[in-house]
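Subject: Model handover, with notes on the ligand site

Hi,

Here is the structure for your review. My notes follow below it.

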Amino acid sequence: MPTLDRRTFLAGASAGIGASAAALGLPAPAWGQGSGEVDIVVVGAGAAGIAAARRIAAAGRRVVIVEASDRIGGRCATDTRIFGVPIDRGAHWLWGADVNPVTKLAAGTGLDVYAAPPGQRLRIGRRYGRESELEDFLAVLVRTNRAIVEAARGKADVACQQVLPKDLLDWRPTVDFVLGPLPYGKELRELSAVDVSKAMERDTPAFCRQGAGALLARLADGLTVRLSTPATKINTWVRGKVEVDTPRGTLVARAVIVTASTNVMTAGKIRFDPELPKRHLDAFSRLALGSQDHVFLEFDGAPLGPQRDDLIVEKADGPDTAAMLANVSGTTLCMIQLGGKLGRDLSGKGEAAMVDWSKDWLAKLYGADIKKAVRRTYATRWAQDPWVMGAASAASIGGAGSRTALTEPVRDRVWFAGEAVHETQWGTVNGAWLSGERAAEAAMRKFGWITTPRPAGEPREAPKRPRRQPTAQPSRPASPPGLSWPF
Ligand SMILES: Cc1cc2nc3c(=O)[nH]c(=O)nc-3n(C[C@H](O)[C@H](O)[C@H](O)COP(=O)(O)OP(=O)(O)OC[C@H]3O[C@@H](n4cnc5c(N)ncnc54)[C@H](O)[C@@H]3O)c2cc1C
C-alpha cells in the first residue's frame, strides 16, 4: 500500500479532497463541498472501517470514509500530548500476534511492535502470590472455563454466573473479575455462556510501542477520510443507490458499510430511511457495549519495580477490583484497567473519582507511600464518547446469534461491520478488522467487482483456535511466579 506523509494526509483529509486516492492510482471521488458519488461509502474510521476501505481501494474502487470525530482510529486511540509519551486510551493488546491481521500489516509501517511479556502476576495483599497459590488459582480458572464451555452446549443459553463451580471459595471474586469485567467489560451475570465460549482465545499478545491508535492511523495512510463528518441519515429508497447524508453534504454510492458501535446504532444517531429491519435493530441492542476504561498514573521513578509491561491482578476480596499494567513500554506510567459495574459507576462520577479509587487500590497493594510518588494522572471515559458510547460488545443471554444476523446486508446496499459483527473475535481490534474486510468483500462480490477472495499478500482470516486452558509460566529471573490465562 503506498503511503503518504501523515501531515499531508491529514491536511488532505480535512479538506475532504481525494488527493490520497490519486496516490493509490485511483480516480479521485467527485465531490466538492462534501457531496458527490463514489462506489462505496464507509461510515467510521476505526479498525473495521479502515480494513474495509483498504480492501475496496485495493480492488480499484472509489471509496470514502466519513468519520464523525476529528481523528482516525475509533477505539484504537493513542495520545502523546498528556504525558509526552504514547498512551493507548483504548485497545493496547494486539491479540494472537501470529495470526492477527493488524500485527501482520504492522511490519510494513516502520512502527515497533513487540511481543508482550508472557506472564501476569497475582498480588495477594502486600505480597506476590506463591507458586502453590498460583497453581490453586489456575486450577480454579480451568474448572470455571470448562463449566462455561459445557454450559454453552446445553439447549438454552445461560449467564456465565449461573454455571460457576460451587467450590471457588475465596477465589470467587478474582474469577468473577478475570473472566468478566477485565476481558469483556461486563459482570458474569450479564454475559452469555454461548458468546463467551465461542470467543477466540486472547493469547500471544503484542504491543505497539508508538500505540495501537498510531498503528491504525498509519494503516489508513493513502485512504480518503473525511473527519468531523458524521453520517446522519442513510437513504435506500432509490433503486441501486444509497444516499448518505452528512452535515457537509450528501454522498451517493452503490453501497454503504456502517461500522459505528452497537451503542451508537441503538441510540439512533444514524437515521435509516426506510427503517432497518427489526432483526437488525434487535441485534444491536442484544450486543450492547460493556464498560472498560484506563486510568494512567505517572510515577516518580519506578516504585512498582523495574520490569516493563507487568500485568498485575489482585486476589480480590470483593467485586471492587482492577488490573494494572506497570511500567508501560518501559516508561514510569502504569495503566489501571477498570471494567464492569465498578468501572461504569466510577466513570459516571468523573475522572477525579476514577483516579482517587485507583490510587487507593494501589495503596492497598503496595503501601500508602506509593500515592506520594504519583505525578500526573489521566482517565478515559469511553461511555461518554458520543461516537462510541462504551467499550466493546458482549452478548446478552441468548444474544450470541445476533452477530451472525448483523452479517446480513439490508436491501443489498447496507452492510454492517465492526467488532460486534465477528462471531469469534468480537470485542477485539482483529475481529473488527476481519469483519471490515469481510463486509467489503461481500459488497464487492455482490456487484461483481471482485471474483477472487482477496489479493495476494493480504492476510487471511485467522484460523479458529479452541479456547486454551490457563497455564503456569516459567518466571523471569528475579520476578515473582507468573501466570498466563486466556482473557
Ligand atoms: C478501554 C478499551 C480497551 C480495549 N482494549 C483492547 C485490547 O487491548 N485489544 C483489543 O483487541 N481490543 C481492545 N478493545 C476493543 C477494540 O478497541 C475494539 O474492538 C475495536 O477497536 C473496535 O473497532 P471498530 O472499527 O469496530 O469500532 P470503532 O473503533 O468504534 O470505530 C467506529 C468509528 O465510527 C465512528 N462513528 C460513529 N458514528 C458515526 C457516524 N454517524 N458517522 C461517521 N462516523 C461514525 C466513530 O467515531 C469511530 O471512529 C478495547 C476497547 C476499549 C474501549
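Which of the 38 residues around the ligand come nearest? They are Glu67, Arg75, Trp93, Ala231 and Glu419. A residue counts as near a molecule if one of its heavy atoms lies within 4 Å of it.

Some ground rules. This is a predicted model, where local features need pLDDT of at least 70, side-chain atom pairs count only at pLDDT 80 or more, and totals for chains, interfaces and linings use all residues. Residues are numbered from 1 along each chain as its sequence is written, and side-chain values use heavy atoms, with hydrogens and water left out.

Ligand site

Arg75 places a backbone N or O atom 2.7 Å from a ligand oxygen. Val429 has a backbone N or O atom 2.9 Å from an oxygen atom of the ligand. A polar backbone atom of Ala231 sits 2.8 Å from a ligand nitrogen. The protein buries 97% of the 1000 Å² that the ligand exposes when taken alone. (Areas come from the Shrake-Rupley method with a 1.4 Å probe; for residues, only the protein chains shown count as cover.)

The polar contact rule: a pair of N or O atoms within 3.5 Å; within protein, one must be able to donate a hydrogen and the other to accept it, and residues adjacent in sequence count only if both atoms are side-chain atoms.

The shell around the ligand has 20 nonpolar, 14 polar and four charged residues. Here Ala, Val, Leu, Ile, Met, Phe, Trp, Tyr, Cys and Pro count as nonpolar, Asp, Glu, Lys and Arg as charged, and the others, Gly among them, as polar. At least two shell residues come from each of α3 (47–58), β16 (292–299) and α16 (429–446). α16 gives the most, with three. Helices (H or I, at least four residues) and strands (E, at least two) are DSSP runs, numbered from the N terminus.

Why does the ligand lie between two domains? Domain 1 (6–76 + 210–288 + 392–446) and domain 2 (117–204 + 290–386) both give residues to its shell, so it lies between them. The bounds come from an automatic or database domain assignment.

Nonpolar core

The largest nonpolar core holds 44 residues. Ile40, Val42, Ile257 and Trp433 touch the most other members. α3 gives the most to this core, with eight residues. Such a core is a set of buried Ala, Val, Leu, Ile, Met, Phe, Trp, Tyr and Cys residues joined through side-chain atoms within 4.5 Å. Buried means under 20% relative accessible area, exposed over 50%, partly exposed in between (1.4 Å probe, protein chains only).

Individual residues

Asn327 is in the loop between β18 (323–326) and β19 (333–339). Asn327 is buried at 4% relative accessibility. Its side chain reaches the backbone oxygen of Gly305 at 2.7 Å.

Ser291 is buried too, at 9%. A polar side-chain atom of Ser291 lies 3.3 Å from the backbone nitrogen of Arg344.

Pro181 lies in helix α7 (residues 181–184). Pro181 and Gly340 are 159 residues apart in sequence, yet 4.4 Å apart in space, C-alpha to C-alpha.

Backbone geometry to check

Asp273 and Pro274 are joined by a cis peptide bond, with omega about 0°. Leu169, a residue other than glycine, has a positive phi near 50°. Leu169 is exposed, at 68% relative accessibility. Thr204 also has a positive phi, near 35°. Thr204 is partly exposed, at 40%.

Best regards
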